[in-house]
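Here is a short briefing on one protein model. Look at the overall fold before turning to the ligands.

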Amino acid sequence: MASPNENPQSQNDRGSAAAARLFTILKAAVLTTAAVAGIALLATRLRGTAERSPVTSPVAAASNPTRPVPPPRAVLGAGSCTSSGCHASEVQGHAAWQSSYTVWATRDPHTRAERVLHEPMAAQIVKLLAARDPAWPMVPAHENTACIGCHATGRGPLAREGVSCESCHGPAGDWLVAHTLPDWRAAGNTLGMVDLADPFVCAQQCAGCHVGGPPTADGSPREVSHDLIAAGHPRLAFELRSFKQAEPPHWRDRFAADPAVAAASATGSSKLDPLDEWALGRLGAVHAFLDQIARQAGASTRPRSGTTADTWPEFTAFDCYSCHRPPVAAVDRGETVGGADRPTPLGTPKLEPLHWSLLDLVVQGDTAARLTSLRRDIEYRWWERPDAVTISACLDAIDAARAHVQPALAGMSAGTVAERVVGQIDPANWDEATAAHAALEAVIARAAAHGVPAESLAAAVARLNTLRGLLEFPGDTTGGKRRFDSPHDYDAKAVAAELRGIAAALEALQ
Ligand code: HEC
Ligand code: HEC
Ligand code: HEC
Ligand code: HEC
């Protein structure tokens, strides 16, 4: 029997198409360096002096005491999934799981991940890093431990596969055999197979490379620091829904806007709606982000390739635009739609707002209070190493909070969620507005999944598209590639108007 989820192409419902378009915004995340504000220069000085000594404090050393590092498991390579009876079917109409390998091998961007390390752009990044800091090894990118941690799953000949199955699903050394038996899911999960059906887990897994993560088993760090970005590496910006939907799906869509598709795809209790996926994805990404801050702040435990330089403040933890100011004429900092403490005065870099805004919608009570207080502490004295024990407690709180995310959202109408999204962000901040776009896309997808007809959603969808247009930046023509450049034409007033318009259109649904 043919079901829509058997054809990966047909899974692009309205919701996912909008999410995929958000992805193009994130990709174009643009930035200028022409106008680095005075604060940045101050930061450079601070970086050069106070922060050089390694942290010996027992407090910092106690970072994540409850998180022992498991022993490395063996990576077997994509070839071990390719039996045509397993995941390499090429037969039209076979279920998603039967053709996962085929879809990945022929269409997934991750197969390119190692190849890009052989391209001139990668060579240029390595060259600039070495030129800035002689401690960086002048090793070709594809052999450089600073790069392969995220750009390849296997080592040796397996590296050519790029980012393959086991980077996301977990090294198969211990589970491959159990996984071919009838009780494969249970067996796999206890042996290191990653439960990607859980958006909180999935987001953390992706964020390991798309935000930054602990080093790989062979000690390759997974961090795109400000140094890498300044040398030409793209800024990392992650959002689960849009990133998943920018990949050709080799899986069933359990979050489809079409209720019939979602129901047919759902397995037992793992059925979720798009807003849950958004919220749990946000929580997973913030968990990864905070974990990364803990590593960056604990210099003694942070492996880096060839350099013993200071590690905090690490600028990627903060809002790029706090320091990199576009020619601001178009950005009316006075125009806000909420929040008494806005706009942010120059001199207080926010924690990276794409990941750190809107968290009040996702967590409540004690967890929200902890995160807010940690955030205030870090932002207030941002040049000082954050306290490792506080961060560790926040990570535990986030772990515990995941159970409350869905119940909290389930009781809220589309209009209420939209109101809160729009009330919480500063439309003059590109990252916050982009985070709001992702949230509103998920609100609309949930409404569609709950049976609200397309005609009723048309107004909100149209304004969401306008908003996306306002957040995208024109590509740079030099070299034929989009590069980091400034949101020169960013129009905060127009962004604020669209945000309010979407909220009003969703409010009108009730
Ligand atoms: C934390 C993981 C991580 C590390 C470490 C890392 N990268 Fe990347 N790199 C990525 C991700 C993720 C992307 C894709 C970014 C996107 O499009 O959102 C990327 C993109 C790139 C691109 C652009 C590819 C394209 O399609 O245009 C190049 C080139 C690159 N990386 C080179 C390097 C080099 C050279 C190093 C080592 C100095 C390195 N990377 C280290 C994660 C990483
Ligand atoms: C970039 C990360 C990534 C890579 C690489 C990857 N997967 Fe997946 N895979 C996922 C995600 C995400 C899901 C969806 C989980 C969900 O929503 O249920 C998934 C789902 C699956 C499923 C379940 C399909 C179903 O029925 O829903 C199979 C089987 C699978 N992957 C096999 C593979 C194989 C084989 C490879 C390598 C050839 C591979 N994956 C590579 C991320 C990845
Ligand atoms: C082992 C590291 C790693 C993991 C884990 C990982 N990615 Fe990636 N991903 C990369 C790298 C590196 C690139 C850049 C490849 C390139 O530029 O050719 C990339 C590229 C992508 C792209 C295309 C970006 C572009 O610029 O076009 C998407 C979409 C994506 N990843 C989604 C995901 C999702 C969703 C997950 C989790 C299910 C995930 N990735 C997990 C390393 C990873
Ligand atoms: C606390 C201030 C601060 C923050 C936050 C910050 N930067 Fe920077 N950035 C600087 C300074 C200072 C320089 C120049 C010195 C250097 O290259 O490190 C710079 C340089 C750069 C350069 C290289 C410019 C050139 O012409 O060589 C790029 C690209 C860049 N930053 C991107 C980013 C991105 C993307 C973010 C956000 C993820 C970010 N920066 C966050 C202060 C900051």
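Ala, Val, Leu, Ile, Met, Phe, Trp, Tyr, Cys and Pro count as nonpolar; Asp, Glu, Lys and Arg count as charged; the others, Gly among them, count as polar. By that rule, the shell around ligand 3 holds eleven nonpolar, six polar and four charged residues. Keep in mind that this is a predicted model.

**Overall fold**
- The protein chain has 23 helices and zero strands.
- Of its 510 residues, 45% are buried.
- Take the contacts in the protein chain with a separation of 6 or more: 78% of them join residues 24 or more positions apart.

**Helix 14**
- Helix 14 covers residues 274-297, which makes 24 residues.
- From first C-alpha to last, helix 14 reaches 34 Å, close to the 34 Å expected at 1.5 Å a residue.
- Helix 14 is mostly covered, with 23 of its 24 residues buried.

**Around ligand 3**
- There are 21 residues around ligand 3, and Arg112, Ser167, Cys206, Cys209 and Ala246 come nearest.
- Helix 6 (145-151), helix 7 (165-169), helix 10 (199-210) and helix 12 (240-246) each supply at least two residues of this shell.
- Which helix gives the most to the shell around ligand 3? Helix 10 does, with six residues.

**Around ligand 1**
- Ligand 1 has 24 residues around it, and Val116, Ala122, Ala141, Cys147 and Cys150 come nearest.
- Helix 5 (120-132), helix 6 and helix 10 are the elements that give two or more residues to this shell.
- Helix 6 gives the most to the shell around ligand 1, with five residues.
- By class, the shell around ligand 1 has 15 nonpolar, six polar and three charged residues.

How values were computed
Residues numbered from 1 in each chain as written. Chains lettered and ligands numbered in written order. Predicted model: local features only at pLDDT ≥ 70, side-chain atom pairs only at ≥ 80, totals over all residues. Helix = DSSP H or I, 4+ residues; strand = E, 2+ residues; numbered from the N terminus. Buried ≥ 20, exposed ≤ 12 C-beta atoms within 10 Å, placed from the backbone. Contact = placed C-beta atoms within 7 Å. Expected span 1.5 Å × (residues − 1). Near = placed C-beta within 6 Å.
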